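Hi,

Here is the model I promised to pass on. Have a look at it first, and then read on for what I found when I went through it.

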Amino acid sequence: MKVFNPNRLLNLINKFVLYIFILGCLFLAFGFYYVFFISPNDYQQGIMVKIMYIHVPSAWLSMGIYTLIAIANLLFLIRKIPTASIIAKASAPLGLIFTLIVLISGIFWGRPMWGVWWVWDARLTSMLVLLFIYLGLILIYRMENGENKYSKIAAVYSILGLINIPIIKFSVDWWNTLHQPASVLRLDGPTIHTSMLYPLLIVFLGFIFLFLYYLLLSIKIELLENKFRQSKAN
Amino acid sequence: MNHIVPIIKRDLHIYFRNKSSILIAIIFFLVVTSILPIGIGPDIKVLESISPGLLWIAFFLSILLNISIVFENDFKDGSLDLILIESELPELAIISKIISFWLIVVLPLVIFLPLGGIILNLPLGNIKQIILLIIISSPFMILIASMGSAMALRVSNPSLLITILIIPFYIPILIFGTLPFIENDIMNFSFSRSLMLLTSASIFAIVFVPYLLIYVLKVNSD
């Protein structure tokens with residue numbers, strides 16, 4: 001639990017943030033080179049399959065970030081670690097951005113492939129619900145002015161909203177949807193061909209490092225703001 | 001019982017002193033249901049096919065825009081703090097406050113639901129089923145909505161914030177509440193299935209939400 005000490009966390013961030021950014025850029029550069037020059041086009045979708053390499057990693061990240069927020073908030077409520085709440089608060093806008101990327105890239109993929117911009121099937125609707133939950137969470141976080149009252153309320157709200165994550169994950173199995181079922185994270189192994197799986201995973205790694213970079217930066221901003229507030233109060 | 005009844009009596013007394021708070025929900029519901037057909041157009045066939053969803057949404061909105069009265073007065077005059085501190089079982093006290101809200105706002109709304117259904121041109125056979133579904137899922141709706149009102153206690157204009165915060169949790173209810181009345185070939189979703197799902201949602205909410213409510217109220221009142 002020493003990581004949660006604010007000063008130690010600031011030191012860690014200052015030490016590693018640049019390397020994480022460089023790693024993310026390297027992975028993304030190599031991943032997109034792989035996607036556009038080595039990986040084949042799909043025999044049905046043609047060039048449009050390239051949207052998948054942005055759509056799928058950001059979908060995984062948007063759900064993962066929400067789970068991260070809920071776990072951090074559980075730590076905050078149970079173990080009373082204030083830094084965990086700061087991590088959750090810093091991740092919420094990033095999760096919102098990734099959810100927006102998923103929905104918008106899905107819209108541009110759906111128009112040529114399905115013939116419609118948007119359908120009200122289970123996966124798309126539950127993703128939209130995730131967007132609304134992120135918006136509500138950010139609204140609660142925006143209400144606070146240095147009080148930790150609202151961060152506790154936001155913690156309860158985020159834990160309530162966690163019920164949506166398994167619904168998103170299994171919506172394609174429970175209901176007959178237009179959205180295709182899971183092809184990578186399956187119990188019987190991925191059904192996607194390796195020439196598309198490897199670039200997907202590399203881009204995903206790049207997205208993770210980029211997310212970590214922005215997360216660490218916004219945690220740093222929050223910690224410095226807290227310090228500033230404390231020094232003003234003294 | 002002797003934990004619940006006195007609080008309900010007191011709350012009903014307070015609500016009846018200010019009758020406009022009871023009437024305003026019903027009037028809002030009737031105004032919304034009568035303005036929807038005007039916006040959609042007088043075609044009876046179109047109206048018939050979308051009226052279940054419209055009835056549900058009108059009901060949602062008249063609950064969500066009124067839910068802030070559950071804790072507002074008691075929070076302002078400080079009696080909510082006393083209830084939380086003094087009472088041996090604050091969960092029961094909070095539940096009885098919610099029961100009195102149900103009696104004073106939701107019950108009149110349910111009585112006026114058939115009228116709303118007639119305004120929206122709902123087939124008579126479906127009105128009974130929809131009313132049953134709404135009554136069954138109303139504990140879930142009120143408990144979750146009062147979560148929102150507890151979260152927004154210190155906000156100056158809470159109704160809109162509560163609506164934004166709570167609507168995501170109402171979407172499953174809206175889906176399962178309207179599926180039996182929508183003609184779709186993919187899923188033959190029967191009425192009894194959605195009745196079971198909504199009942200389970202209500203039971204789940206009754207078991208778990210009061211504890212979270214107490215936590216949020218305590219955070220907000222200290």
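Predicted model: local features only at pLDDT ≥ 70, side-chain atom pairs only at ≥ 80, totals over all residues.

Val70(B) sits in the loop between H3 and helix H4 (72-77) of chain B.

Now for chain B as a whole. Chain B is built from nine helices and has zero strands, which gives the pattern α-α-α-α-α-α-α-α-α when you read along the sequence. The radius of gyration of chain B is 18 Å, close to the 17 Å that the globule rule gives for 222 residues, so chain B is as compact as a globular protein of that length. Along the principal axes, the C-alpha trace of chain B spans about 55 × 35 × 30 Å. Of the 222 residues of chain B, 40% count as buried. If you take the contacts in chain B with a separation of 6 or more, 81% of them are between residues 24 or more positions apart.

Helix H2 (residues 20-40) of chain B packs against helix H3 (residues 44-64) of chain B at an angle of about 150°, and their axes are 10 Å apart. The cut-off for roughly antiparallel is over 145 degrees, and H2(B) and H3(B) are therefore roughly antiparallel to each other. Their crossing is right-handed. On the H2(B) side the contact uses Ala25(B), Phe28(B), Phe29(B), Val32(B), Thr33(B), Leu36(B), Pro37(B) and Ile40(B), and on the H3(B) side Val46(B), Leu47(B), Leu54(B), Ala58(B), Phe59(B), Leu61(B) and Ser62(B). What classes do these residues fall into? The contact of H2(B) with H3(B) has 13 nonpolar residues, two polar and no charged.

Over to chain A. Chain A has seven helices and zero strands, running α-α-α-α-α-α-α from the N terminus on. With a radius of gyration of 19 Å, close to the 17 Å that the globule rule gives for 234 residues, chain A is as compact as a globular protein of that length. The C-alpha atoms of chain A fill a box of roughly 65 × 35 × 30 Å along the principal axes. Of the 234 residues of chain A, 32% count as buried. Residues 24 or more positions apart make up 75% of the contacts in chain A with a separation of 6 or more.

Helix H2 (residues 52-79) of chain A and helix H6 (residues 164-174) of chain A pack at an angle of about 155°, with axes 10 Å apart. That makes H2(A) roughly antiparallel to H6(A), and their crossing is left-handed. Met63(A), Tyr66(A) and Thr67(A) in H2(A) meet Ile165(A), Ile168(A) and Lys169(A) in H6(A). By class, this contact has four nonpolar, one polar and one charged residues.

The other partner is helix H7 (residues 194-233) of chain A, which packs on H2(A) at an angle of about 50°, with axes 9 Å apart. That makes H2(A) oblique to H7(A), and the crossing of H2(A) and H7(A) is right-handed. H2(A) brings Tyr53(A), Val56(A), Pro57(A), Ser58(A), Trp60(A) and Leu61(A) to the contact, while H7(A) brings Pro199(A), Leu200(A), Val203(A), Phe204(A), Phe207(A), Ile208(A) and Phe211(A). The contact of H2(A) with H7(A) divides into twelve nonpolar, one polar and no charged residues.

Last, where do the chains meet? In all, 14 residues of chain B are in contact with 13 residues of chain A. Helix H8 (158-178) and helix H9 (191-221) of chain B each supply at least two residues of the side that touches chain A, and H8(B) gives the most, with six residues. That side of chain B has 13 nonpolar residues, one polar and no charged.

Cheers

Notes
Residues numbered from 1 in each chain as written. Chains lettered and ligands numbered in written order. Axes fitted to C-alpha atoms, helices over the stretch in contact; angles between N-to-C directions. Helix = DSSP H or I, 4+ residues; strand = E, 2+ residues; numbered from the N terminus. Parallel < 35°, antiparallel > 145°, perpendicular 65-115°, else oblique. Left-handed = near helix turned anticlockwise from the far one by under 90°. Contact = placed C-beta atoms within 7 Å. Nonpolar A, V, L, I, M, F, W, Y, C, P; charged D, E, K, R; others polar. Rg over C-alpha atoms; globule rule 2.2 N^0.38 Å. Buried ≥ 20, exposed ≤ 12 C-beta atoms within 10 Å, placed from the backbone.
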